[in-house]
Amino acid sequence: KILCGRAQESRLVRVTGQVTYNGVRREMVLLTKVCGYISQRDEHYPTLTVRETVRFAKECLDSLVHDLDHPALEHPSNADAEELRRIHNINDELTLQILGIAHVGDTVVGNEMLRGISGGQKRRLTSGEVLAAKQRVVFADEITTGLDSATAYEVCKALTLECKLMGRTVVVSLLQPSPEVFGLFDHVMMLCKGHIIYYGPAGNAVPYFEALGYQRPVDVEPADFLHLVTTDSRLQFINPSAMEGAPQTPELLAAAYRSSEVFLRMS
């Protein structure tokens, strides 16, 4: 939320420091044009269809669509406007296809009083509302909360396809992802009590901590092992032969990361 400019300070929340985008201060950037935000809450108009919801969200976020509403571009003889509309319609359909909800495109979203699409499809639609716009960076806030493992995997897989096909960057915050979901990510950032203790290729995370003196048991999945390393349970995974040299506190883990080759490559 801080990166998207959505964090609101209150009596309990205080934001310090400075956020820049490619060196540009946040006050100089129109974040709605750069960053998309996928909430963990599914809030939709129940009487709109899935396709109408995506199109409406895109018209609200995408200035190019608003430009098409100019009277000069509404004239039927304007071939450029018609071509742009066709391209936007294709992009909308591609978004629905990637998210796996094209087959319910003409179904109303629904709510407790109106029968509509399923809960898993609503979660994908929430992603589609943001992905249909032009933002190059998308932030997803614990989008698998309340979903079963199969649906969570499908939602994250759809985001992965969006990255590969549309060339976007998607940053997802997850709590205890399943091994299948963890395997979808290119990079992982691990936080331990406010300290970054690892940020780099997901496949290199376990070897990195093993080089620091930690040891993953054969019966523990890599995703579970990495999660436990960020908790107070990490001490049980320290190799006995490296007990004295292994960093054990969040501060020491963060210092070890800042002095690692992974940090230099990612900087």
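Phenylalanine 225 and phenylalanine 237 are both buried (under 20% relative accessible area, with exposed over 50% and partly exposed in between, for a 1.4 Å probe and protein chains only). The model is predicted, so that local features need pLDDT of at least 70 and side-chain atom pairs count only at pLDDT 80 or more, whereas totals for chains, interfaces and linings use all residues. Residues are numbered from 1 along each chain as its sequence is written, and side-chain values use heavy atoms, with hydrogens and water left out.

Nine aromatic pairs are present in the structure, a pair being rings of Phe, Tyr and Trp (its six-membered ring) with centres within 6.5 Å, stacked if the planes are under 30 degrees apart, edge-to-face if over 60 and tilted otherwise. Phenylalanine 225 and phenylalanine 237 form an edge-to-face pair, at 5.5 Å centre to centre and with 85° between the planes. Because phenylalanine 225 belongs to helix α10 (residues 222-229) and phenylalanine 237 to the loop between α10 and α11 (250-258), the pair ties together parts that are 12 residues apart in sequence; helices (H or I, at least four residues) and strands (E, at least two) are DSSP runs numbered from the N terminus. One aromatic cluster is formed by Tyr198, Tyr208, Phe209, Tyr214, Tyr257 and Phe263.

An open sheet consists of three strands in the order β3-β4-β5, with parallel pairing (at least two DSSP bridges between two strands). Since β3 (35-38) and β5 (169-173) stand at the edges with a single partner strand each, one side of each is left without a neighbour in the sheet. Strand β4 (residues 137-141) pairs with β5 in the parallel sense over five bridges, and alanine 140 has valine 172 in β5 as its bridge partner.
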